[in-house]
Amino acid sequence: MAHFAEIDNNNIVLRILVVPDSEEHRGQEYLANDLGLGGTWLQTSYNARIRKNYAGIGSTYDIERDAFIAPKPYDSWILNENTCDWEAPKPYPNDGNDYKWDESVVDWVKK
């Protein structure tokens, strides 16, 4: 089965639907016309072979990068241009403890 994301006029993902393998090659036409859903549909994949990341509702499709990009989780995080994933400005500590990001101190803090 193939997955297709519907995007709005601002390239925001509205929903994701599954298309039968037999219709994957014409997914946009199948969803928009055959099923009468209209809209703009782009293929996405769980294993990131297509458009860098699996589309999620609320994600943005970046035309220049041909990638789905999740909403920015924190103001301080930086977009990795290779993966199109958001990354913390400091690496996650590798000391065996559990951490969560604290934007107020722009650092990882123990849970």
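Author: A polar contact is a pair of N or O atoms within 3.5 Å; within protein, one atom must be able to donate a hydrogen and the other to accept it, and residues adjacent in sequence count only if both atoms are side-chain atoms. The model is predicted, so local features need pLDDT of at least 70 and side-chain atom pairs count only at pLDDT 80 or more, while totals for chains, interfaces and linings use all residues. Residues are numbered from 1 along each chain as its sequence is written, and side-chain values use heavy atoms, with hydrogens and water left out.

Reader: Which backbone nitrogen does the side chain of Thr44 reach?

Author: Thr44 lies in strand 3, residues 40-44; a strand is a DSSP run of E of at least two residues, numbered from the N terminus. The side chain of Thr44 comes to 2.8 Å from a backbone nitrogen, that of Ala55.

Reader: Is Thr44 buried or exposed?

Author: Buried means under 20% relative accessible area, exposed over 50%, and partly exposed in between (1.4 Å probe, protein chains only). The relative accessible area of Thr44 is 2%, so Thr44 is buried.

Reader: What is the phi of Arg51?

Author: Arg51 is in the loop between strand 3 and strand 4 (60-62). Most residues other than glycine have a negative phi. Arg51 is not a glycine, yet its phi is positive, at about 60 degrees.

Reader: What is the relative accessible area of Lys52?

Author: Lys52 is also placed in the loop between strand 3 and strand 4, and its phi is positive, near 65 degrees. Lys52 counts as partly exposed because its relative accessible area is 30%.

Terms used:
Helix = DSSP H or I, 4+ residues; strand = E, 2+ residues; numbered from the N terminus.
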